[in-house]
Amino acid sequence: MAEDGRRGDEEDRGPGAAHQLFVVMECLLEKLKVLNYEEEVLAKHNMKNMSRHYFVSSPYLACNSGEQFFMFTIIAAWLINEAGRPFTEPQEYDEPNATVSNILAELRAFGVKVDFPPSKLKSGSGEHVCFVLDRLAEEALKRKGFSFRRPNYPTETTEEESVLEDDAELTLSKVEEEMIEEPDEEEENVMDLEALKLRTTHTEAESSSKPDEILESTVDAAEWNLEVERVLAQLKVTIRTDNKDWRIHVDQMHQHKDGIKSSLKEAKSYLDKLQEDIGKTLEKVGSREKYINNQLEHLIQEYRSAQAKLSEAKERYQQASGGVTERTRVLAEISEELEKVKQEMEEKGSSMSDGAPVVKIKQSLTKLKQEIVQMDVRIGVVEHTLLQAKLKEKSNMTRDMHATNISEPVAGPFA
């Protein structure tokens with residue numbers, strides 16, 4: 001339906017509407033050249049030159065939508081700046097929707113009516129892209145004070161006037177009149193032909209008599225060219241148009257009309273017969289269709305009932321499959337918990353049946369007893385050493401005491 005509506009719009013606009021876009025694009029390219037876009041845009045961004053149908057959306061043109069959209073945004077931003085409004089130059093990775101919305105907002109600011117959605121510009125080509133760029137280019141040209149003027153075509157004279165004004169040219173009627181009025185000249189021309197024939201025979205005889213001699217012309221080349229230029233204008237023959245040609249065309253039109261009428265009568269009989277045959281064939285097809293429908297009515301009913309049963313079975317299957325899925329999930333969770341419990345039980349059972357800790361405890365007790373024995377020995381040695389030191393100190397004290405007792409009586413008598 002959308003395609004039918006679009007075709008209807010194109011038919012309303014005319015048969016040349018599909019090609020109007022090419023004309024708009026060519027005019028747009030000329031405006032961009034006037035604004036010197038080649039140096040301002042292409043050279044700045046290191047881009048290649050656009051073709052004259054670059055932004056036209058056509059299946060016959062090779063295009064890259066991403067490249068076209070980036071070129072469209074760059075040129076639109078440049079035209080807005082040239083028109084006197086500040087606009088940030090878009091980058092390659094900017095959001096396309098935001099960029100297009102900003103461009104349309106600037107276009108509305110110039111007073112241009114926009115009656116299409118922004119999504120029409122995201123393809124980078126088409127009628128709306130050319131429209132936006134063309135209006136922006138016009139605004140830029142207005143600001144620069146440039147305007148296109150209408151061409152002045154030179155006046156051209158018709159062929160009949162040139163024929164009448166040119167005295168050097170001849171018409172067929174004048175040639176016929178001269179041929180009728182001057183028969184003597186024809187006779188003279190005939191005589192001249194005979195003389196020319198005699199002259200050619202004479203020259204042939206001379207040439208046969210002297211075959212080794214080189215023939216050279218004695219006519220001056222400048223005089224020959226002047227004679228050619230003088231006679232060349234008289235060699236032009238133009239046919240004068242007859243004022244009664246329209247009557248011939250009218251007669252031809254009547255003849256064609258009569259031929260069309262006679263052909264139409266004959267073709268109409270064939271077409272009526274063809275229409276009658278087609279109508280009979282359609283009636284036969286309709287009757288056969290009704291008969292087949294009546295014969296297959298019970299099969300259709302069975303098919304419908306089978307389809308209903310199938311839909312019910314599918315619905316039950318979906319419900320059952322949903323319950324199975326839920327139970328499968330619960331089973332998986334329970335299995336996971338069971339695995340964890342089994343792992344814990346195995347760890348506890350292995351720790352209870354393992355005798356390695358008891359052996360380690362016995363070894364530790366044995367080692368501890370050995371260390372206690374060693375400590376007892378060391379304690380005995382220390383006690384013995386301490387006892388010896390005490391005895392030695394006691395003996396020293398006793399000896400000192402004896403020494404003092406002996407020295408006192410000796411010193412008495414001498415005193």
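First, a term: axes are lines fitted to C-alpha atoms, for helices over the stretch in contact, and angles run from 0 to 180 degrees between N-to-C directions. Helices (H or I, at least four residues) and strands (E, at least two) are DSSP runs, numbered from the N terminus.

This is a predicted model, where local features need pLDDT of at least 70, side-chain atom pairs count only at pLDDT 80 or more, and totals for chains, interfaces and linings use all residues. Residues are numbered from 1 along each chain as its sequence is written, and side-chain values use heavy atoms, leaving out hydrogens and water.

The protein chain has 13 helices and two strands. Of its 415 residues, 15% are buried, meaning under 20% relative accessible area with a 1.4 Å probe, protein chains only.

Now the pair. Helix H4 covers residues 65–82, helix H6 residues 127–144. They pack at about 25°, axes 8 Å apart. H4 and H6 are therefore roughly parallel, the term for angles under 35 degrees.

Who makes the contact, that is, heavy atoms within 4.5 Å? From H4, the list includes Phe72, Ile75 and Leu79. From H6, it includes Val132, Leu136 and Ala140.

Let's zoom in on Ala140, in helix H6. Buried or exposed? Ala140 counts as buried, because its relative accessibility is 0%. Leaving aside neighbours within four places in sequence, Ala140 contacts Leu35, Leu79, Glu82 and Ala83. Ala140 and Ile80 are 60 residues apart along the chain, yet their C-alpha atoms are separated by 7.3 Å.

Key:
Angles under 35 degrees count as roughly parallel, over 145 as roughly antiparallel, 65 to 115 as roughly perpendicular and the rest as oblique. Contact means heavy atoms within 4.5 Å. Buried means under 20% relative accessible area, exposed over 50%, partly exposed in between (1.4 Å probe, protein chains only).
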